[in-house]
Amino acid sequence: MENRTTCIDENLLARPSEKEERVRVLQRKLYVRAKREKGFKGYSLYDKIYQDYFLVTAYHRVKSNYSKGVGVDGQSCTSIEESGLEAFLQEIQQALQTRSYRSSAVRQVLIPKAARGEYRKLGIPTIRDRVVQMAVKMAIEPLWEADFSETSYGFRPKRSAKDAIKQVKNNIYAGHKFIYDADLSNYFDTIPHGKLFKLLKHRVTDRGILNLLQQWLTAPVELPDGTLQSNKEGTPQGGVISPLLSNIYLHAFDKIVNHPKGKFVRSGIRMVRYADDWLLMGKWYFNAEILRYIDQIMINMGLRLNKEKTRLLHINKSSLFFLGFEFRSIPSKFAWNHRNYTNIRPSIKSRSKLFRVLKELFRRRKHWTIPWIVWKLNPLLRGWLNYFSISKVSHIWDTIRVIKEHLSYKLYKWMKGKGRKAHRKLRQRPYENLVKFYGLLDMDKYARMKTLSKAE
């Protein structure tokens, strides 16, 4: 591993794939050693994050996945590249080398929740801070991936919500039908910094890295009205490093649940967790002792359960809603088989979210042409199907039928509002005609391809 001062030049920026591979090589070395040595700690990582290949890779990853929204400085990836990407990364490199880097304030954005009057708080760092956060994430994530539990799926490499849904289904078919569906109140905003740092030091002792993490956790928040507010707890959603830090903190809970000699394993309870959404699944009813134990663990961790949304249910008697899916037990369609089976489909709430997006898309868009509206619709429908189409798991055909009917109605009203005679024939069967003549996504065909794909 090299430890020399480098200078980013234009040629290096032109070959991001080579830099990606060098980062992966380092990550594999860290992961293998952390997996082999349970007591291994990253004590010399800071000098890696300002190497040219690390910063170039970090920037391209930020641009690909974390470029939405501007921070307090108003800079975007486009404006940075117009001003000169080379100079931008060199400034970051120099600040990190001389230990003069200081994080900026985080811009708060309020996202309305489904519940009336409630908002989700997002913290949007500057692009500069996002690049450094990505570099640190790339350096420390392999150490924690070596520790993370198999029951954790959210914000992890090569793991997704689809894997979590498949595991829930497998648990149900294995007889774990009593489910504790937990809901944490404002989890990202309430993580205690002191306890989080104790956990971080189990794998990271590099003071430079810990100092950067401390800066991001305590960075002031710029409220929508422009005032600055101090930050004493939590890791704001919207930052690059926040998902990893949230997983590190809840990993302590994962270890308690999955401990071979613990109360949960002795009681036959399995866990499925995606970020702060988690389920405990047992073969028997959760007794009062287990429920009190869960409450005590949350209190010790400084977290709060939302008692109004936390539910205890049996899958044969009540539907489970998890990660946008609905799990329900329904009778078999075959007369000879009187057993119930678990039907998994997109929830009505997920469908309603899609309808709201479609409503906003068609609002006052009479000046758009048909090719343009198709160009807007295709990625939206494709993204929805990519998430909800799970081979041998999800049943989405009834939901697709409802979406097609709703979309046909929206297209009919939009074409009628344009008032063109040329659209009269298209208005008779708008969805089918746009699929046939204008390349609108055929949802049935695409979903069939996804559910039959070996990659699923």
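Let's begin with salt bridges: there are 20 of them here, counting each case where a side-chain nitrogen of Lys or Arg is within 4 Å of a carboxyl oxygen of Asp or Glu. Side chains of opposite charge can pair when their charged atoms come close. Before you click, note that this is a predicted model, where local features need pLDDT of at least 70 and side-chain atom pairs count only at pLDDT 80 or more, while totals for chains, interfaces and linings use all residues. Residues are numbered from 1 along each chain as its sequence is written, and side-chain values use heavy atoms, with hydrogens and water left out.

**Stop 1: salt bridges**

Select Arg-33 and Glu-37. Their side chains form a salt bridge, with N and O 3.3 Å apart. Arg-33 has a relative accessible area of 34%, so it is partly exposed, and Glu-37 is partly exposed too, at 31%. Here is how those words work: buried means under 20% relative accessible area, exposed means over 50%, and partly exposed is in between (1.4 Å probe, protein chains only).

Next, select Arg-203. Which residue does Arg-203 form a salt bridge with? The partner is Asp-147, and the closest N and O atoms are 2.8 Å apart. Arg-203 sits in the loop between helix H10 (193-200) and helix H11 (207-218), while Asp-147 sits in the loop between helix H7 (127-145) and helix H8 (161-173), so this pair ties together parts that are 56 residues apart in sequence. The helix labels come from DSSP runs (H or I, at least four residues), numbered from the N terminus. Is Arg-203 buried or exposed? Arg-203 is buried, with a relative accessible area of 1%, whereas Asp-147 is partly exposed at 25%.

Now pick Asp-444 and Lys-404, whose side chains meet in a salt bridge at 2.5 Å, N to O. This pair links distant parts of the chain: Asp-444 is in helix H19 (residues 443-452) and Lys-404 is in helix H17, 40 residues apart.

To finish this stop, select Glu-20, Glu-21, Arg-24, Arg-28 and Arg-61 together. These residues are linked in a network of salt bridges.

**Stop 2: aromatic rings**

Colour Phe, Tyr and Trp. Rings of these residues (for Trp, the six-membered ring) pair if their centres lie within 6.5 Å; planes under 30 degrees apart count as stacked, over 60 as edge-to-face, and the rest as tilted. The count comes to 18 aromatic pairs. One of them is Phe-362 with Trp-414, an edge-to-face pair at 6.5 Å centre to centre, with 65 degrees between the planes. Phe-362 lies in helix H15 and Trp-414 in helix H17 (residues 397-418), so the pair ties together parts that are 52 residues apart in sequence. Phe-362 is buried at 10% relative accessible area, and Trp-414 is buried at 4%.

Move on to Trp-384 and Phe-388. Their ring centres are 4.5 Å apart and their planes are at 35 degrees, so this pair is tilted. Both residues lie in helix H16 (residues 370-388), 4 residues apart, which is about one turn of the helix. Trp-384 and Phe-388 are both buried.

Then select Tyr-180, Phe-253, Trp-278 and Phe-286, which form one aromatic cluster.

**Stop 3: a buried alanine**

Select Ala-135 in helix H7. Ala-135 is buried, with 0% relative accessibility.

**Stop 4: two lysines in loops**

Most residues other than glycine have a negative phi. Select Lys-158, in the loop between H7 and H8. Lys-158 is exposed, with a relative accessible area of 86%.

Then go to Lys-392, in the loop between H16 and H17. Lys-392 also has a positive phi of about 60 degrees and is not a glycine. At 77% relative accessibility, Lys-392 is exposed.
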